Amino acid sequence: MATGPLDGMRVVDFTTTIAGPYCTRMMADLGAEVIKIETDEGDMMRSRPPLRDGASTSFGQLNAGKQSIVLDLKRPEAQEVVRRLLVTSDFLVENFRPGVMKRFGLDYETVAKRDPMLIYCSISGYGQTGPSSGLAAYAPAIHAASGFDMAHLAYQPGRERPDNCGIYVADIVSGTYAFGAIMVALAHRHLTGVGQHIDVSMMETMLTLMVAEVQGAQFAVAPPSRPMFGPVKTQDGYIMPAVASEKTFQALCLAAGRLDWITDPRFALYANRRNNWGTFVDLLETWSGNLTTVECQAAFDAAGVPSSPYRTVKEVLADPQLAHRMRWPRFTTRAVRSRW
């Protein structure tokens, strides 16, 4: 019978808000039994809109497929309940501030003495050790602390104030990295019979997203006069062509009917094109500005230019491609037996 690859495995989940729950939701999706530990007040996401029948759909998205129990971890009997759960568990995931689990007697060093096969994952803002480890952290603060917001601002010519934060990139990517690290630890345990402690730092996670920016911070790189990826105006909106290679640049020129741009000394070489990108986009918009977004997209598609109109999330959710993908089977592998 097709099933999830983590079927028969148990996760004790001490996570709240977004990063940790996102990680353990993926584990639940793969068949793991996830037992979420909450205080009597519950995860703060339970009250976050939108609400349906009094329940948060955001909380549901992050925690579907999990079981939940209420424990006051300050009480010794509650800590003992957790220790009994861990006897039959494969994973523990937590995203408290560093030091909290130690106060409960549930830190990795303590529980690993009883169960060296346990895979224990900690997600925090700055890591489990170091001068900033004890600082409170939510995604918007991490975006600012990691340099991400200022790096993004550098691509907005003429602006000085960083953007407001609405999409919590640090949470989602950190949760994804944590999930990946847990799967690697599971493979390691299969080979060695030993679990390990995984330490995921949200700040370091954000640095991994800024490849060019991290290199530019260490080596001298002349910034372009205008970002080489950005919106191109059409008659009724904007479109994003992703010109990342010589082939796509030539395809863009073909779509616009301007093959002369390919040999134009301002654009022919990447270095010159980078320095004159603002001029190039201004010329491109003399063509695209006379077409609707749909017409411009059709021209780009015909020429093989990676591109897309700017869409709302609501529009994306109605995309036939997304509906097609959702019809594919979720799992095709057979169950992996728990070590228990």
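Helices here are DSSP runs of H or I with at least four residues, strands are runs of E with at least two, and both are numbered from the N terminus. Hi everyone, with that in hand, let's walk through this one.

What you see is a predicted model, where local features need pLDDT of at least 70 and side-chain atom pairs count only at pLDDT 80 or more, while totals for chains, interfaces and linings use all residues. Residues are numbered from 1 along each chain as its sequence is written, and side-chain values use heavy atoms, with hydrogens and water left out.

Let's start inside. A nonpolar core means buried Ala, Val, Leu, Ile, Met, Phe, Trp, Tyr and Cys residues joined through side-chain atoms within 4.5 Å. Buried is under 20% relative accessible area, exposed is over 50%, and partly exposed is in between, using a 1.4 Å probe and protein chains only. The largest such core holds 29 residues, and Met27, Phe91, Cys121, Ile123 and Ile182 have the most contacts inside it. Elements giving it two or more residues include α1 (19-29), β6 (91-94) and β7 (119-124). Helix α8 contributes the largest share, six residues.

Which residues does Ile182 touch, leaving aside neighbours within four places in sequence? With contact meaning heavy atoms within 4.5 Å, they are Cys23, Met27, Phe91, Val93, Ile119, Cys121 and Ile198. There is also a second, separate core of 21 residues, and among them are Met228, Leu252, Trp277 and Trp287.

Now for the rings. Rings of Phe, Tyr and Trp (its six-membered ring) pair if their centres lie within 6.5 Å; planes under 30 degrees apart are stacked, over 60 edge-to-face, and the rest tilted. That rule gives eight aromatic pairs. One of them joins Phe267 and Phe280, edge-to-face, at 5.2 Å centre to centre with 70° between the planes. Phe267 sits in the loop between α12 (260-263) and α13 (270-275), and Phe280 is in helix α14 (residues 277-288), 13 residues away. Both Phe267 and Phe280 are buried. Ring pairs also tie these two into a cluster with Phe249, Trp261 and Trp277.

Leaving aside neighbours within four places in sequence, its contacts include Arg46, Phe59 and Val70.

Last stop, Leu322, which is found in helix α17. Leu322 has a relative accessible area of 33%, so it is partly exposed. Thanks, everyone!
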